[in-house]
Amino acid sequence: MAKLLVLTLLGLGLALFRDHRSSYQTRLNAFREVDPVELPNCNLVKGIEAGSEDLEILPNGLAFISSGLKYPGLKSFEPDKPGKILLMDLNEEDPTVLELRITGSKFDLSSFNPHGISTFTDEDDTVYLLVVNHPDLKSTVELFKFQEEEKSLLHLKTIRHKLLPNVNDIVAMGPEHFYSTNDRYFVDPYLKSWELYLGLAWSYVVYYSPNDIRMVADQFDFANGINISPDSKYVYVAESLAHKIHVYEKHANWTLTPLKVLRIQNIVSEQPKVTVVYAENGTLLQGSAAASVYKGKLLIGTVFHKALYCEL
C-alpha cells in the first residue's frame, strides 16, 4: 500500500513539486552545508587526489583506502579513470600510499567504482577485503584476498542480489558474511529522485551470507555508514538525512534489535554535510566521509577530494 501511495503522488507532477520545492531544497542542502573545522598537526596525504571515500585500518597499522568513486550528483576529479584501492602503512614516519594491484581473470578493472569497504581477518590470519562496487552505477560486493608480500588483491567473487540494489556501506562478519546498507529503495534514477524529494524513509539494512540474505532493519531516510563495536555485540547505522546514529544489538542468528537512537548535528564519518577541514598548512579538505584512529594517528577520508593524516 505504501509503494502504491508513492506512485499516486508521482502523478501529481508539477503541482506537488511547487508545493514542496522549499522542503526538497532543504533536504539537498543537508549535503551542501559547510562546517569549518581546524585540526593541528595535519597534512594532506600525497598521492590521493580523487577521493578516499572509505578507509579501514588493520590492527597492524595497514590502512586500506577506496578512491575514485563516481556517484550521481557528486563531483569526480578523475571521471574517465577507474577507481582503485590504496594501501598506507601508518607505522611509517611519513606514510605514503601505493595502489594495490588487482588480480583475477574474471574481474573487470575498467568499471571498478569502489564505495564502502570492510575487512575480515580469518583464524589463519588471512585478510579478506570486501568492497562495495558500482560498475555502470549498479551495485555489487567484491570479495578480495589481500596478498601482503605482493601488495595485491586477488579477486575471489562477485556478489549480486535483488536485496542489494543500492549498496552504500558494508561491515564484514566473515569472508562471505556481512551487513550492508542500501541508501535508496528504488533502482530507477527517476524514482530515486522522487524518493529523496518526498522524504521517503524506505532504505534498509541487509544481512548476507551465501545461504541466507534478509532485511534486518528498515525505515531509514538514506541509510549510509554501518559499523560494528569492537566486541561484535552492537551494530551502528548512520541515517544521514535524519542526522541520526542507530544502535542495534546483534544476536547469534544475525537479527538486530534496536536499542537507542543518537541525534547528531554533524556525523563527520558519514557525510550528512560537506565538512571542510583546515590542515595545519592552511589547505582544505572537502567533503569528509570517514575517519579512523591508530596509535595516536588520525586518518580522514573524503568522498571525492583528498585525505588528511594527523598526529594527535
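**View 1. Lys-306 is found in the loop between β23 and β24.** Strands here are DSSP runs (E, at least two residues), numbered from the N terminus. This is a predicted model, in which local features need pLDDT of at least 70, side-chain atom pairs count only at pLDDT 80 or more, and totals for chains, interfaces and linings use all residues. Residues are numbered from 1 along each chain as its sequence is written, and side-chain values use heavy atoms, with hydrogens and water left out. Lys-306 forms a salt bridge with Glu-49, and the closest N and O atoms are 3.8 Å apart. A salt bridge is a side-chain nitrogen of Lys or Arg within 4 Å of a carboxyl oxygen of Asp or Glu. The pair links distant parts of the chain: Glu-49 sits in the loop between β2 and β3 (54-57), 257 residues from Lys-306. Lys-306 is partly exposed because its relative accessibility is 23%. Glu-49 is also partly exposed, at 45%. The cut-offs are under 20% relative accessible area for buried, over 50% for exposed, and partly exposed in between (1.4 Å probe, protein chains only).

**View 2. A disulfide joins Cys-42 to Cys-310.** The S to S distance is 2.0 Å. The criterion is a pair of cysteine sulfur atoms within 2.5 Å, and by this rule the count comes to one disulfide. Cys-42 lies in strand β2 (residues 42-44) and Cys-310 in strand β24 (residues 308-311), so the link ties together parts that are 268 residues apart in sequence. The link is right-handed, with 115° about the S-S bond. Cys-42 is buried, with a relative accessible area of 0%. Cys-310 is buried too, at 1%.

**View 3. Four strands make an open sheet in the order β12-β13-β14-β15.** The pairing is antiparallel. Two strands count as paired if DSSP finds at least two bridges between them. β12 (167-174) and β15 (212-220) stand at the edges with a single partner strand each, so one side of each has no neighbour in the sheet. Neighbouring strands are turned by 15° against each other on average, direction ignored. Axes for such angles are lines fitted to C-alpha atoms, for helices over the stretch in contact, and angles run from 0 to 180 degrees between N-to-C directions. Strand β14 (residues 203-209) pairs with β15 over six bridges, in the antiparallel sense. Ser-209 has Asp-212 in β15 as its bridge partner.

**View 4. Asp-212 and Arg-214 meet through their side chains in a salt bridge.** The N to O distance is 2.8 Å. Asp-212 is partly exposed, at 25% relative accessibility. Arg-214 is partly exposed as well, with a relative accessible area of 24%. The salt bridge count comes to three.

**View 5. Glu-176 forms a salt bridge with Lys-157.** The closest N and O atoms are 2.6 Å apart. Glu-176 is partly exposed, with a relative accessible area of 24%. Lys-157 is partly exposed at 29%.

**View 6. Lys-151 is placed in the loop between β10 and β11 (152-159).** Its relative accessibility is 34%, so Lys-151 counts as partly exposed. Lys-151 and Leu-87 are 8.3 Å apart in space, C-alpha to C-alpha, and 64 residues apart in sequence.

**View 7. Asp-136 and Lys-295 have positive phi values.** Most residues other than glycine have a negative phi. Phi of Asp-136 is near 55°. Asp-136 is found in the loop between β9 (127-133) and β10 (140-147), and is exposed at 67% relative accessible area. Phi of Lys-295 is near 50°. Lys-295 is in the loop between β22 (288-294) and β23 (297-302), and is exposed at 66%.

**View 8. Tyr-234, Tyr-236 and Leu-259 form a nonpolar patch on the surface.** Together they have about 250 Å² of accessible area, computed by the Shrake-Rupley method with a 1.4 Å probe, where for residues only the protein chains shown count as cover. Patches are made of residues with over 30% relative accessible area and no salt bridge; like charges are joined within 9 Å, and nonpolar side chains (Val, Leu, Ile, Met, Phe, Trp, Tyr) within 5 Å. Tyr-236 lies in strand β17 (residues 234-239). Tyr-236 is partly exposed, at 31% relative accessibility.
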